[in-house]
Amino acid sequence: MIGGFGEIGKIPELRKRILFTIGMLAVYRLGVFVSTPGIDVEALRRIFGQGDGTLFGLINLFSGGALEHFSIFTLGITPYISVSIIMQVLAPTIPALEALKKEGEAGRRILTRYTRWGTIALALFQGYAIASGLEGQGLVRVPGWTFRISTMLTLTAGTAFIMWLGEQITEKGIGNGASIIIFTGIVARMPEVLLSTVALARTGEVSPLAVLFVIGFSLITVGAIVFVERSYRKIPIQYPRRMVGKNIAQAQTQYLPLKVNMAGVIPPIFASALMVVPLTIASFSASRTLQDWAEYLQHGTLTYTLVFLALIVLFSYFYTAIIFNPEEVAENLKKNGGFIPTVRPGKQTADYFYSVLNRLALWGAVYIAIICLLPEYVYMALGTAGFARVFGGTAVLIAVGVTLDTAAQIESHIVARNYESFMSRSSKVRGGLGSMSYTRSRLLRR
């Protein structure tokens, strides 16, 4: 990197963006500890250790422990993320949404408005489900519709505020606001879990060697994630000699980089959400049949592993197909005169992209499955189940991915600043040389 991250303090705009992001995240973390009225919070915390395999456990992970305190930010940014992904999935299949995507900024504003409305609707539904579930568990001091409605409105208002925070961070801060908020919620719990694991080693409940091993294994996991997330499949694109305006562009070869894991963290998030739905329904149901079936999907069973793997592969292929359209890319290359060596433009280029994407989706799914499953099983086998809840593969994959994306944005600001400084110095040098040439010409005429 040019100049390194030490230049952050020298760039006023970047420094202002980072401080703004930190301030918004501080407001978010303060709201996590403001509890919603009407709940026996202490009783909720006592039973929460039994809810890690349900939807509550997943929401609590992504909200940084907000559900455990039953705060006003209990739902976190999860409804907004879910609706945003649903909009991306529906856009290619609904002509009206596809047309809005092609309208530029005006269409984007309309899609953003639809996403906000969908977020509010989903938050109201989730708020009602959580309120009803807590009533069924006997954690409500005064149950009834008054509690349900007040909880729905409170949690929905908290989600709307977090959604606004995320948009402000994206616009005025650094990084993607929604991703930064999820990242903050996950990372905020890591020190507490790490200290509790060390405390288990001191009391003798867990071997000190086991604690050292899980810490070392987590560092290796982070290194593996960084390596794969920065890995690309470069496809050579050759452009012949052609006219560009009034100039002739020489023949050149460029590369189209395709990430090994093109689907990112979407497959594990979707797979985890689907896996906990039957467990959550069974936990609130009195049906013995549902509870028996739910036992086959308990975390750690063979059935859970197989179904989770199948969902990861399914969502990896599905989301890769959404974010990259081979036919559209092949058509654009053909219009601009570009082609892949030994591959004819048009349909054969699109088929070539399809074959590459199929292989990348497969290897990406294998990578995600290993990262999400192997660390958790290793941690639980060593008796550090609490460590696995926060330092498991899904959480670490999200945290590392957001860190890399944010670092890339910071680097782009630094590079842009150095480029502008270089251009301004070049202009001054050219201006100085021009004045020297003018002076010399006048002296020669004399």
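The model is predicted: local features need pLDDT of at least 70, side-chain atom pairs count only at pLDDT 80 or more, and totals for chains, interfaces and linings use all residues. Residues are numbered from 1 along each chain as its sequence is written, and side-chain values use heavy atoms, without hydrogens and water.

**Exercise 1.** Determine how helix α1 is oriented relative to helix α8.

Step 1. Helices are DSSP runs of H or I with at least four residues, strands runs of E with at least two, both numbered from the N terminus. Helix α1 covers residues 12-32 and helix α8 residues 145-172.

Step 2. Axes are lines fitted to C-alpha atoms, for helices over the stretch in contact, with angles from 0 to 180 degrees between N-to-C directions. The two axes come within 9 Å and cross at roughly 170 degrees.

Step 3. Angles over 145 degrees count as roughly antiparallel, so α1 is roughly antiparallel to α8.

**Exercise 2.** Locate the salt bridge between Glu-229 and Lys-259 and classify the exposure of both residues.

Step 1. A salt bridge requires a side-chain nitrogen of Lys or Arg within 4 Å of a carboxyl oxygen of Asp or Glu. For Glu-229 and Lys-259 the N to O distance is 3.3 Å.

Step 2. Glu-229 lies in helix α10 (residues 208-229) and Lys-259 in strand β4 (residues 252-259), so the bridge ties together parts 30 residues apart in sequence.

Step 3. Buried means under 20% relative accessible area, exposed over 50%, partly exposed in between (1.4 Å probe, protein chains only). Glu-229, at 9%, is buried; Lys-259, at 27%, is partly exposed.

Terms used
Angles under 35 degrees count as roughly parallel, over 145 as roughly antiparallel, 65 to 115 as roughly perpendicular and the rest as oblique.
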